[in-house]
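Here is a short tour of how the parts of this protein pack against one another. Have the model open beside you as you read.

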Amino acid sequence: MSTTQMRAVLVSQPGDSSQLQLGEVPRPAPSPTEILVKIKAIGVNRMDIEQREGRYPVPAGVSSILGVEMAGVIEALGSKVTGFKISDRVFGLLYGGAYAEYCVIDQMATMLIPPAMSFETAAAIPENCYTAWQSIESVANLQRGHDILIHAGASGVSTVGIQIAKFIGAKRIFTTAGSDKKLEHCRKLGATHTINYRTEDFAEVNEIHRETEGRGVDVIIDYIGADYWNRNMASLTVDGHMVMLAFLSGAQVSEANIAPILFKRLNIHGSTLRSRTLAYQRQLKQATESNILPRVTNQQFVICIDRVFPWEEVAQAHEYMEANHNLGKIILKVED
Ligand SMILES: NC(=O)c1ccc[n+]([C@@H]2O[C@H](COP(=O)([O-])OP(=O)(O)OC[C@H]3O[C@@H](n4cnc5c(N)ncnc54)[C@H](OP(=O)(O)O)[C@@H]3O)[C@@H](O)[C@H]2O)c1
């Protein structure tokens, strides 16, 4: 292959995982403030599946290649890049283009990989850590002593979120998930109360109200949407905050009860990451560098990786996530 070309995962046409194929495309060239990275490991995210299906609103001007996070080695530097050198091990969040042998990333978005950290662990950090920090600390403003309910507890984002809630000093950390194995893992990460949503109803059995002496929780992190709307409203305390990050069960709520928003003075937030400016994302990068990376290095904080697939098996990796098998992160490995 010529030095102007590279391999990348391409989507033949919007659809299922069989549309994913390795192909050849032009290698990107760094602008003056960008860094060219030879990718070693890629983080898989739900939005990659939605983008593959043609259901994700990709920001204007962004690479059509899937993938928003990677770890690798610096191959070339833009003329105005400072603080990095060729061969440095780096990782970061992209707006797109991570499912490839090479990508370009702005220096503002780039982090050095701590010495003992693998490329796989580094690639698992940006999207989950930025999202969890943003929603729990910045948007919901969780405080020491608060109670929090984090849904989809074993999802990539929530495995980080549970640990951030513990680090901030939440009193009770409730979490829901679809299997006892996932819930056991959540307890190891710091969840204090776990609810298997397939066998228990987190609002109907009144677990949250019983455990909080009828008060409800201060914060809910929700990805489920329609199915959980009324139960989430019932589970929040006065002046509580709910941050909506996705709507995995759908966005149309039939018979929605909006009265609690008024009577309990609830704060309902929507939050996204990919549509945010580089300057905004840089604040989350700095929060991750200050609060999370040192704790990963000294093993106070665990980055949960479920499986590493060779990138030639990208279709199987997507199918694994679509089947909800993953407990934490799925990684694609590009090469040793
Ligand atoms: N807004 C943002 O800025 C932002 C950023 C990152 C991610 N997200 C979104 O947040 C969600 C989590 O991301 P992730 O990468 O951490 O996902 P993930 O690792 O794939 O985990 C998602 C989990 O949600 C559970 N789930 C799926 N459908 C469900 C349903 N209908 N009802 C109840 N539980 C369901 C499944 O676990 P169980 O086995 O427990 O059912 C599944 O494993 C995704 O939808 C993603 O697109 C949003």
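To their contact, domain 1 brings 13 residues and domain 2 brings twelve, where contact means heavy atoms within 4.5 Å.

## About the model

This is a predicted model, in which local features need pLDDT of at least 70 and side-chain atom pairs count only at pLDDT 80 or more, while totals for chains, interfaces and linings use all residues. Residues are numbered from 1 along each chain as its sequence is written, and side-chain values use heavy atoms, leaving out hydrogens and water.

## Helix α3 and its partners

Follow helix α3 (residues 126–139) to helix α4 (residues 156–168): their axes come within 8 Å and cross at roughly 50 degrees. Axes are lines fitted to C-alpha atoms, for helices over the stretch in contact, and angles run from 0 to 180 degrees between N-to-C directions. Helices are DSSP runs (H or I, at least four residues), numbered from the N terminus. The pair α3 and α4 is therefore oblique; angles under 35 degrees count as roughly parallel, over 145 as roughly antiparallel, 65 to 115 as roughly perpendicular and the rest as oblique. Among the residues making this contact are Trp133 and Ile136 of α3 and Val160 and Ile164 of α4. By class, the contact has nine nonpolar, four polar and one charged residues (Ala, Val, Leu, Ile, Met, Phe, Trp, Tyr, Cys and Pro count as nonpolar, Asp, Glu, Lys and Arg as charged, and the others, Gly among them, as polar).

Helix α9 (residues 278–297) packs on α3 at an angle of about 95 degrees, with the axes 9 Å apart. The two helices α3 and α9 are therefore roughly perpendicular. Their contact includes Tyr130 and Trp133 of α3, along with Leu284 and Thr288 of α9.

## From α4 to α5

What angle do α4 and helix α5 (residues 180–189) make? Their axes cross at roughly 30 degrees and come within 9 Å, which makes α4 roughly parallel to α5. Here Thr159, Ile162, Gln163 and Lys166 of α4 meet His185, Cys186 and Leu189 of α5.
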